[in-house]
Amino acid sequence: MLPLSDTPPSPHKQPQNPHELNRKNSFSSIKPYLPRTWLIFFVFFLQIVLILFARSFHIPTHQTLPTPPLIATVHGSSDDNIQCSAGKIFVYNLPSFFNTELLENCHELNPWGSRCDTYSNDGLGRPATKLAGVIPESLSGAWFWTDQFASEIIYHNRMLNYRCRTLEPESATAYYIPFYAGLAVGKYLWTNNYTSEDRDRHCEMMLKWVHEQPYWKKSDGWDHFLTMGRITWDFRRSKEQDWGSRCIYLPGMRNITRLLIERNSWDYFDVGVPYPTGFHPTSPSDVATWQEFVRTRTRDTLFCFAGATRGLIKNDFRGILLNQCYNSSGSCRVVDCGGSKCSNGTSLILESFLGSDFCLQPRGDSFTRRSIFDCMIAGSIPVFFWNRTAYSQYEWFLPGQTDSYSVFIDKKEVLNGKSIKGVLEKFGQNEVRKMREKVIEYIPRIVYAKPHEGLDGMKDAFDYAVGGVLNRIKVQNQEGFKW
């Protein structure tokens, strides 16, 4: 217990007034606490001053900072972590022998002539100057003569500038292999001067290189993916004398996800992505301008067909479609693509799609064809005859409800004489308008943007493809996953 005073009172002093004594004793009892009390009051006063001072200034919080533009190669801010919630991608620095060196030797990619113009402009090709007067003038810089096999070049350029790319492989969710598989095999497909070993060489060497990387061993390749710019069947040679390479059948390819313009519907690791078309918007405004253009377009023809017959094929289905078109009394517009009439450099196909409500889409040389996407870009409603032409190919990019944007007529019914015109005439104007609107709504999902950084605030086909790969890797990592 603290003393009431430092020294006892002298017995020789006169006694003090009891009230005064009580006051002095009270003061003496708190005297030892005074330094602490004043310190507490001072700190409290200082806090009040600081609060009042701070209110006179606006200190921006993290949320009010401007969002960084999606142009940097590598990102690390918390905003990027939100945008990249599905994970980040590491792009292998593959030796140039497997990609850019093939492009540098573009004059060797085709036995009939140079492909250098075809794959210029980072894979987009030459500007489509002959479309002047067909497309809005403001979009002339967004149209190119893009080759249907250019996707691996387009994806590589986009991946190098992807907002969710990382230079730190340890932090990556997925690993991209920038191998130009289609270009590598394409030069060996068309003559008998090359062996099966020639067609397989690039792929075998690529797999050997990738398997030696430490990050392959992390998941035995389950988190690796690449783009193969041709249809899957060009990489599935089962016999030495058959067409194509055996790249997909090589043991080292087993767990790698493959982005292809046509997939094998029974192979989990094949993912179908849209064929590149000629439209490569530079901004969301370009997309909106084009959507409004095709929405308000006057269409004076019920349906159209662009294609050529396969004369050596018995009961050629394309020939049947052409005959129905010619016999449809002005209801069908025909673009006969015999010879080289429909090669890049003509506006005939786009004009026919822009002027028709429906476009006929039989299978091509394989189950799919680029014309599907040329048709839909133009706001025309596709008519399919095989399920594998689109419905089981491009699930990440097209509506799940197939009859909301397309018409299906079984090929067997057409072979038995069913009238295509008769089927399409039954759709009322309101039904046609709704289907066309659904097609137009999905245009962003089936085009590849011109800028390497993509479209600010809008996803394109590349974004949906890569996002889908990251999501499937996330699912694969879940306990109990089976494929």
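This is a predicted model: local features need pLDDT of at least 70, side-chain atom pairs count only at pLDDT 80 or more; totals for chains, interfaces and linings use all residues.

Biologist: What makes W386 count as buried or exposed?

Modeller: The relative accessible area of W386 is 14%. That value is also under 20%, so W386 is buried.

Biologist: How many aromatic pairs does the structure hold?

Modeller: The structure holds 28 aromatic pairs. One of them joins F317 and W386, with ring centres 5.1 Å apart and planes at 75°. Centres within 6.5 Å make a pair, and planes over 60 degrees apart count as edge-to-face. The pair of F317 and W386 is therefore edge-to-face.

Biologist: Which parts does the pair of F317 and W386 tie together?

Modeller: F317 belongs to helix α9 (residues 317-326), while W386 belongs to the loop between β11 (381-384) and β12 (407-408). The pair therefore ties together parts that are 69 residues apart in sequence.

Biologist: What makes the pair of F373 and Y394 stacked, tilted or edge-to-face?

Modeller: The ring centres of F373 and Y394 are 5.0 Å apart and the planes stand at 80°. This angle is over 60 degrees, so the pair is edge-to-face. F373 lies in helix α11 (residues 371-377) and Y394 in the loop between β11 and β12, so parts 21 residues apart in sequence are tied together. Both F373 and Y394 are buried.

Biologist: Which residues does T277 touch, and why is T277 called buried or exposed?

Modeller: T277 is placed in the loop between β7 (270-272) and α8 (284-295). Not counting residues up to four places away in sequence, T277 touches T146, R370, F373, D374 and I377. Its relative accessibility is 2%, which is under 20%, so T277 counts as buried.

Biologist: How do you know whether α5 is roughly parallel or roughly perpendicular to α15?

Modeller: The axes of helix α5 (residues 151-160) and helix α15 (residues 461-476) come within 11 Å and cross at roughly 75°. Angles of 65 to 115 degrees count as roughly perpendicular, so α5 is roughly perpendicular to α15. Y155, R158 and M159 of α5 make the contact with A461, F462, D463, A465 and V466 of α15.

Biologist: Where does the charged end of R445 sit?

Modeller: The charged end of R445 sits over the ring of Y464, 3.9 Å from the ring centre. The limit on that distance is within 6 Å.

Definitions and conventions: Residues are numbered from 1 along each chain as its sequence is written. Side-chain values use heavy atoms; hydrogens and water are left out. Axes are lines fitted to C-alpha atoms, for helices over the stretch in contact, and angles run from 0 to 180 degrees between N-to-C directions. Helices (H or I, at least four residues) and strands (E, at least two) are DSSP runs, numbered from the N terminus. Angles under 35 degrees count as roughly parallel, over 145 as roughly antiparallel, 65 to 115 as roughly perpendicular and the rest as oblique. Contact means heavy atoms within 4.5 Å. Rings of Phe, Tyr and Trp (its six-membered ring) pair if their centres lie within 6.5 Å; planes under 30 degrees apart count as stacked, over 60 as edge-to-face and the rest as tilted. Buried means under 20% relative accessible area, exposed over 50%, partly exposed in between (1.4 Å probe, protein chains only). A charge sits over a ring if NZ of Lys or CZ of Arg is within 6 Å of the ring centre and within 35 degrees of the ring normal.
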